[in-house]
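Work through the exercises below with the structure at hand. Each task is followed by a worked solution.

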Amino acid sequence: MRRVESYLNDQIRKMGCIHLTLIDPDKCTPEQARSIALEGEKLGTSAFMIGGSTCVGGELLDELIKGLKSGSSLPVILFPGSLFGISRYADAVWFMSVLNSSNVYYITGAQAIGARTVRAYNLEAIPLGYIIISPGGTAGFISQAMTIPHDKPEVAAIYSLAAQYMGMRFVYLERGSGVEAPVPPSMVQLVRKVASEVRLVVGGGIKTREQAKELAKAGAEIIVTGNVVEERGIVGLKEIIGGIEEGVNERGA
Ligand code: 1GP
C-alpha cells in the first residue's frame, strides 16, 4: 500500500471519520484553490480531491493542482470523471469503476485506456467502487448509471459487498453533486454493516452540520463536500467538519 492510502487509513483510525474537500476545476482559479487549501488545512480537512463529471483537463487542471499545492502540503487526489481528469501534478488518483453503470466504458473501458497514463505519471492508484444513488446528478447522467433508489439500502449494500469481494478497498456512495439531500444515514448504516471491510466514502448534497453529523454517526469514514465551500466558504466548511466530529463522538451512544 502506498503513501496516500496509508495516510488516509491512519487519519481514519485516528479520527473515526475524515473530511475531504472536493475542488471543481470548472469553478475555481489557481488563486482560489490556494486559499481553499490554506484555510482547509487549518480547519482540519484531510486531503483535497479534484475533478468532476464534466471538468476541464490539461494545463488548466495542472495549474489548479499547483495552486492547491502552493497553499498546503496535504495530498491531492484526482477524482476523474473522464480521461481529461488525469494530471501528473497530483499525488494519487481514485481508480474508480462506476459499478452500477449500464455502459461497460464506465466500468472498465476508460480505466483500461487511462491505466498507462496513470503509471507513466507515477500516480498512486487507489481502487474505488463508485456507486450512484438516485437522483445521481450529473455523475449519474454522464456515466449512464442505473441509479439505486435512495429508499433501497439493501441494493447499495449488495453492490458494496460485491466491491469488497472484488478487492476494492474503498466504496463511494454518491448522491450527485449539488442535489437536494445526501444519501440517507440508514443506507450508510446498512452498507457499513454488510460490507464491513471496505472504507466507506459518502458524498453529494451534504450542506449542513447536522447532515454531516448523522452520516458520520451512521458509519461513514470519509465525507466529501464540494459545493458547500463554493457557496458558503470557510464558514460552511467549519460546520461540516464540526458535524463530523460530533457524529463520531455520538457513535454507539
Ligand atoms: C460530488 O460527492 C461530491 O461528486 C460532492 O458533492 O458538491 O454536493 O458537495 P457536493
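**Overview**

The protein chain has 9 helices and 8 strands, where helices (H or I, at least four residues) and strands (E, at least two) are DSSP runs numbered from the N terminus. This is a predicted model, in which local features need pLDDT of at least 70, side-chain atom pairs count only at pLDDT 80 or more, and totals for chains, interfaces and linings use all residues. Residues are numbered from 1 along each chain as its sequence is written, and side-chain values use heavy atoms, with hydrogens and water left out.

**Exercise 1**

Compare the radius of gyration of the protein chain with that of a compact globule.

Solution. Step 1: the radius is taken over C-alpha atoms, and the globule rule is 2.2 Å times the number of residues to the power 0.38. Step 2: for 253 residues the rule gives a value near 18 Å; the protein chain has 16 Å, which agrees.

**Exercise 2**

Describe how helix α2 packs against helix α3.

Solution. Step 1: α2 (residues 30-43) and α3 (residues 58-71) pack at about 35°, their axes 7 Å apart. Axes are lines fitted to C-alpha atoms, for helices over the stretch in contact, and angles run from 0 to 180 degrees between N-to-C directions. Step 2: contact (heavy atoms within 4.5 Å) involves residues including Ala33, Ala37 and Leu38 of α2 and Leu64, Gly67 and Leu68 of α3.

**Exercise 3**

At what angle do helices α8 and α9 cross?

Solution. Step 1: take α8 as residues 209-218 and α9 as residues 227-249. Step 2: their axes come within 7 Å and cross at roughly 35°. Step 3: among the contact residues are Ala212 and Ala216 of α8 and Gly243 and Gly247 of α9.
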